[in-house]
Amino acid sequence: MSRLEAKKPSLCKSEPLTSERVRATLSALKGIIASCYGPSGRLKQLHNGLGGSVCTTSQSSALLANLSVTHPILKILTTSVQNHVSCFSDCGLFTAILCCNLIENVQRLGLTLTTVIKLNKHLLSLCTSYLKSEVCGCRIPVDFSSTQILLCLVRSVLTSKPACMLTRKEVDHISTLILRAFLLTIPENAGDHIILGNSIIVPLKSQRVVDSTVLPGILIEVSEVRLMKILPIKKSDSLKVALFRVSLSGDLANTGEGSVVVNYGVSLENAVLDQLLNLGRQLVSDHVDLVLCQKVIHPSLKQFLGVHHVLAIDRVGAALMEPLSKVTGTQPIGSLSSISPSSYGSVKDLCTEKFGFKWFFHLIPNEATVCSLLLCNRNGTAWDELKLTCQTALHVLQLTIKEPCVLLGGGCTETHLAAYIRHKTFNDPESILKDGGCTPTELQLITEAFCSALESLTGSLEHDGGEILTDMKYGHFWSVQADSPSVVNWPELLTRCGCGLHNSREELSWSFLRTARHPFAPLPCFPHEAVGSANNLTLDCFTAKLSGLQVAVETANLILDLSYVIEDKN
């Protein structure tokens, strides 16, 4: 028996944020994440030193899933961001960078943390109330009778992911397909409560991006050899369908629910095969035209069904079971015993399609909210990133149905919000100070730290050494190239703000973002202006960004409030 080691005592560290090592680690994580932010963000390659696949990405979901962190504080931060992304898909980098900025700015103040946390909560409340209000200057309502705003929203998601390697023409093509796929998931006769369908992404790598397409129904990949062995079904009306989630391979370990009765001296394998053939006879007698199986169908059963002109498709996989059930209206069958007539469904038609070098069965539904997005890209790495991005865009559209509005993107919401908070606390500090617990000086310092965290976040959009400006009318984000002359006529050097709503020919004045300026009330934009220039707008998902703002502030407060970190080293 091996020698037992004595249990080591837990390691207890007080005031973890005072450690230079922890601060340096947090700063390094922020540097990695911030360098990925925006359309010109730098890509990261992540791989295990022992081998395995290499991930090339700038997306928070892929980045944090492949990035190993060990310190408890970093784990709190990354876990919070990952939880946010799992719920909302978008604004993960925004959340992580803002959280790091808040922690860094507060540490420089040297104020009582209880005061800081209390005021951070109050400033967050001001932000959320303003963003939800009708007078919000960076929120645009979505008119679902037009696709302009929705297309801009999808295009903004695609252009923010440079690892997809898309040209402008390809971005427009994929944006249109994503919006079309989303619209196909909405029921035609939608009531007050809408149940959306599914968009299934079908891979087709090493093909041109513009060859991507959207089809109603489901595509099931099939080899050309199998396709040649299957007899076509010709029928004027709809096809009757049976969908099995149990294996029909004859393997005793996968007989599903129920029992197999075997007489003494009879081979178990033959008994199961007889039961499979009896099942086949019932399917034929019930006039089933198409049998779909999640797992494997025994060759003898396939042959029997083929002789009776029943098409059998196996190995469709678990991922397609729910969409197949929706498309066909079937109840997946989980046993080899007698089948209830109510378990059957139907499809309008079945045909074969060839895309690139692959063959597919195309199940065309009668009325269903399921479609297939056949997604192409030049190589596997770019395709993986594009798939994640399309899933994000589809989820963002779903969230927009629940909250029919969007926020201005390109850094304009953050700078506008910072201008609003500065003006609000400068002109109406009594509403905050009346709660007690802080002095006017503390309020001013914490407000500046909060607003500076928002503005520093927009600075992460600039990766080439350019300067960041804000206009003194709308509080929008503007960027200028590096090495610009110190004395310059800004309207000639600038073009449009970050979101694309305002141009430099308007009567505006600008200020460098990181310079001191007198607080001002930013003017709102008007919806008709936004719709008029919709083809040039950069937009963000309202629900995802609002949640990201809340998660960032709450996580920063949680980390700032940590007094001890206790680690079990056993």
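**A colleague's note on the strands and helices of this model**

1. Strands (E, at least two residues) and helices (H or I, at least four) are DSSP runs numbered from the N terminus.

2. Before going on, please keep in mind that this is a predicted model, in which local features need pLDDT of at least 70 and side-chain atom pairs count only at pLDDT 80 or more, while totals for chains, interfaces and linings use all residues. Residues are numbered from 1 along each chain as its sequence is written, and side-chain values use heavy atoms, leaving out hydrogens and water.

3. Which strands pair with β16? One is β17 (residues 477-480), joined to β16 in the antiparallel sense over four bridges; two strands count as paired if DSSP finds at least two bridges between them. Here I468 has S479 in β17 as its bridge partner. The hairpin of β16 and β17 has five residues between the strands, and G475 takes a positive phi near 70° there. Strand β18 (residues 510-512) also runs antiparallel to β16, with three bridges, and L469 stands opposite F512 in β18.

4. Next comes an open sheet of three strands in the order β5-β14-β6, with mixed pairing. Its edge strands, β5 (198-205) and β6 (213-216), each pair on one side only. On average, neighbouring strands of this sheet are turned by 25° against each other, direction ignored. Angles run from 0 to 180 degrees between N-to-C directions, and axes are lines fitted to C-alpha atoms, for helices over the stretch in contact.

5. Within that sheet, eight bridges pair β5 with β14 (residues 370-377) in the parallel sense, and I200 has S372 in β14 as its bridge partner. Helix α12 (residues 380-402) lies across β5 and β14 and runs at about 165° to β5.

6. Strand β1 (residues 11-14) runs antiparallel to β20 and is joined to it by four bridges; K13 has V565 as its bridge partner.

7. How do helices α9 (residues 268-285) and α10 (residues 299-307) meet? Their axes come within 10 Å and cross at roughly 25°, so the two are roughly parallel (under 35 degrees; over 145 is roughly antiparallel, 65 to 115 roughly perpendicular, the rest oblique). In α9, residues including L273, L276 and R281 meet S300, L301, F304 and L305 in α10, contact being heavy atoms within 4.5 Å. By class, this contact has eight nonpolar, two polar and one charged residues. Ala, Val, Leu, Ile, Met, Phe, Trp, Tyr, Cys and Pro count as nonpolar, Asp, Glu, Lys and Arg as charged, and the others, Gly among them, as polar.

8. Helices α3 (residues 72-88) and α18 (residues 542-560) pack at about 160°, their axes 10 Å apart, which makes α3 roughly antiparallel to α18. Among the residues in contact are I73, I76 and F88 in α3, and V551 and L558 in α18. This contact divides into eight nonpolar, six polar and no charged residues.
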